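Hi,

Here is the structure I said I would pass on. Have a look at it first, and then read my notes below.

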Amino acid sequence: DSITTAQAAVKISKKSYRLVKGASLQLKLTGTKKKAKWTTSKGSVATITQKGKVSAKKKGTATITAKIGKKKYNCKIYVETPTISPRKTTIE
């Protein structure tokens, strides 16, 4: 393979993302074969597994960081509470 000298730019699959509480998102790094170390700035808002799976815990904002060597790739996660529309209830 003669094209190994050109290095592909490493990118995170999302720069920012909105999730509702209880939802999850799979983040990926492209352009590298190395394993990233995933961290979250606020574990109470969103958690991250070492495979890059984000889970929304409660309303707020968290920054997910994938670190490879000295380089960091961030994704801002906005967690929202789902709105429930009021329904009419009749009690007999």
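This is a predicted model: local features need pLDDT of at least 70, side-chain atom pairs count only at pLDDT 80 or more; totals for chains, interfaces and linings use all residues.

**Overall make-up**

If you take the contacts between residues at least 6 apart in sequence, 46% of them join residues at least 24 apart.

Strand E2 (residues 16-20) runs parallel to E9, and 5 bridges join the two. E8 and E9, on the other hand, run antiparallel and are joined by 9 bridges. As a reminder, strands of a sheet pair through backbone hydrogen bonds, either parallel or antiparallel.

- Arg18 has Tyr78 in E9 as its bridge partner. Arg18 also lies over the face of Tyr78, at 4.8 Å from the ring centre.
- Ala66 stands opposite Tyr73 in E9.
- Gly69 takes a positive phi near 65 degrees in the hairpin of E8 and E9, which has 2 residues between the strands.

And how many aromatic pairs are there? The count comes to 0.

**The sheet of 3 strands**

Another open sheet has 3 strands in the order E3-E7-E6, with antiparallel pairing. Which strands stand at its edges? They are strand E3 (24-26) and E6; each has a single partner strand, so one side of each is left without a neighbour in the sheet. On average, neighbouring strands of this sheet are turned by 20 degrees against each other, direction ignored. E3 and E7 run antiparallel, with 3 bridges joining them, and Ser24 has Ser55 in E7 as its bridge partner.

**The core**

The largest nonpolar core has 20 residues. Those with the most contacts inside it are Ile12, Leu27, Leu29, Trp38, Val54, Ile64 and Ile77. Two or more residues of this core come from each of strand E6 (46-48), strand E7 (53-56), strand E8 (60-68) and strand E9 (71-80).

Val54 is a handy place to start looking around. Leaving out residues up to four places away in sequence, Val54 touches Leu19, Ala23, Ser24, Leu25, Leu27, Ala46, Thr47, Ile48, Ile64 and Ile77. Ile64 and Ile77 are also on the list of residues with the most contacts inside the core.

**A loop residue**

Last, take a look at Lys51, in the loop between E6 and E7. Is Lys51 buried or exposed? Lys51 is exposed, with a relative accessible area of 69%. Apart from neighbours within four places in sequence, Lys51 is in contact with Gln26, Leu27 and Trp38. Lys51 and Trp38 are 13 residues apart in sequence, and their C-alpha atoms are 7.9 Å apart in space. Leu27 and Trp38 come up again among the residues with the most contacts inside the largest nonpolar core.

Cheers

How values were computed
Residues are numbered from 1 along each chain as its sequence is written. Side-chain values use heavy atoms; hydrogens and water are left out. Rings of Phe, Tyr and Trp (its six-membered ring) pair if their centres lie within 6.5 Å; planes under 30 degrees apart count as stacked, over 60 as edge-to-face and the rest as tilted. A charge sits over a ring if NZ of Lys or CZ of Arg is within 6 Å of the ring centre and within 35 degrees of the ring normal. A nonpolar core is a set of buried Ala, Val, Leu, Ile, Met, Phe, Trp, Tyr and Cys residues joined through side-chain atoms within 4.5 Å. Buried means under 20% relative accessible area, exposed over 50%, partly exposed in between (1.4 Å probe, protein chains only). Helices (H or I, at least four residues) and strands (E, at least two) are DSSP runs, numbered from the N terminus. Contact means heavy atoms within 4.5 Å. Two strands pair if DSSP finds at least two bridges between them. Axes are lines fitted to C-alpha atoms, for helices over the stretch in contact, and angles run from 0 to 180 degrees between N-to-C directions.
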